[in-house]
Amino acid sequence: MTVLDARALNRAALARQLLLDRAGLPVLDAVGHLCGLQAQEPQEPFVGLWSRLRAFEPAGLSDLLTGRSVVRTHLMRRTVHLVTAADALAWRARHEGMLRQRVLGTYRRELTEVDLGELAAAGREIMADGEPRSMGELARAVVGRWPAAGPRPLGEMLVAALLPTAQLPPRGLWRTTAGARYALIPSWLGREIDPPEPDGFDLVGQALLRRYLAAFGPAASADLRAWCGLAGLPAAVAALREELAAFRDERGRELLDLPDAPRPDPDSPAPVRFLPAFDNAVLGYHDRSRIIDDAHRGLSVQGARVVLVDGRVAATWTLQADTVLVTPLRRLSRTDRADVAEEGWALASFLTGGESDRVRIAPLPG
């Protein structure tokens, strides 16, 4: 079995994530290929797509949101993702059990006396009029029946798990600040979500595996689960094993992949890329060492925006006023600093609507 070293896995991941070469895909196709973009911070998907697509125009993504071709909803790992409308409809039922368990993992004590079936029915009754509501408004409408639970646990269980909800525009539009207001996905999209599959079938799980490998592979089954948070996927892996290619990494783990998916030469040049907070290029794996050193792994869950140099996390970045501030995590060569500055100028211009191209690279801490 072929062994893929860390650099080979890095270049494969960058290629699948559209970070080795910017792609000419339409925005909707890019969102679909990436299996969605993590989006609990509403403006972050714009940077994620700017770093991946040629000639990306933020208005195009805003138009897809208002046109209901993409939606913001709780899916993978119970985090808010920006996904295509088709994927939201196809995947939501498969994620429901995981979403419930993740909310209960936070609020199990508060929700002990709450019948979740009754809570779901009460929430659906309130939302049946099609009017968007905030989580707080929905929670206050039901808390009278379960006062001991409190509004926050009830609200989170409803909007993140029991009800298939979408966060509506203007939240998530370019350079727009707005609170989260929810509608039921069937009401917003005009189509019911796909029903759960009968016991013994997991065609959705198999589709998720194929899609995940196309966007993240080669990968171990532990990586797949870390990305989506779903249980029961070993059966999907077993069902597809004969059609997949198998490799090993340097630690001996089995890695699966689509046979014809790109696995570039490990020596392929990797340009500087600026990633947004919580980008799935980092978070989409259990073993994140292919893109970030273990010493900096915590950055990926702290919401740090990171800079890739030669395909690996080498700095963090923020926007301060109209200046992109880069803070290195290791010493950068003169060439690396020039490349970081050049890409940072372009990012500053993008984020400020062309009003600034200022970049500052801070001294190496310590």
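Me: Why is Phe216 called buried?

Reply: Phe216 has a relative accessibility of 0%. Buried means under 20% relative accessible area, exposed over 50% and partly exposed in between, with a 1.4 Å probe and protein chains only. Phe216 therefore counts as buried. The model is a predicted one, in which local features need pLDDT of at least 70, side-chain atom pairs count only at pLDDT 80 or more, and totals for chains, interfaces and linings use all residues. Residues are numbered from 1 along each chain as its sequence is written, and side-chain values use heavy atoms, with hydrogens and water left out.

Me: What makes the pair of Phe216 and Tyr285 edge-to-face?

Reply: The angle between the planes is 75°, with 5.7 Å centre to centre, and the pair is accordingly edge-to-face. Phe216 belongs to helix 10 and Tyr285 to the loop between helix 13 (280-283) and helix 14 (299-302), 69 residues apart. With a relative accessible area of 0%, Tyr285 is buried.

Me: How do you know that helix 10 and helix 11 are roughly perpendicular?

Reply: Helix 10 (residues 203-216) and helix 11 (residues 221-228) pack at about 100°, their axes 11 Å apart. Axes are lines fitted to C-alpha atoms, for helices over the stretch in contact, and angles run from 0 to 180 degrees between N-to-C directions. Angles under 35 degrees count as roughly parallel, over 145 as roughly antiparallel, 65 to 115 as roughly perpendicular and the rest as oblique. The two helices are therefore roughly perpendicular to each other. Leu208, Leu209, Tyr212 and Phe216 in helix 10 meet Asp223, Leu224 and Trp227 in helix 11, where contact means heavy atoms within 4.5 Å. The loop between these helices holds Pro218, and the peptide bond from Gly217 to Pro218 is cis, with omega near -5°.

Me: What makes Arg68 a charge over the ring of Trp188?

Reply: A charge sits over a ring if NZ of Lys or CZ of Arg is within 6 Å of the ring centre and within 35 degrees of the ring normal. The charged end of Arg68 is 3.5 Å from the centre of the Trp188 ring and sits over that ring. Arg22 lies over the face of Trp50, at 4.8 Å from the ring centre.

Me: Why does Asp310 count as partly exposed, and Cys35 as buried?

Reply: Asp310 has 35% relative accessibility and therefore counts as partly exposed. Cys35, at 0%, counts as buried. Neither is a glycine, yet phi is positive in Cys35, about 60°, and in Asp310, about 55°.

Terms used
Helices (H or I, at least four residues) and strands (E, at least two) are DSSP runs, numbered from the N terminus. Rings of Phe, Tyr and Trp (its six-membered ring) pair if their centres lie within 6.5 Å; planes under 30 degrees apart count as stacked, over 60 as edge-to-face and the rest as tilted.
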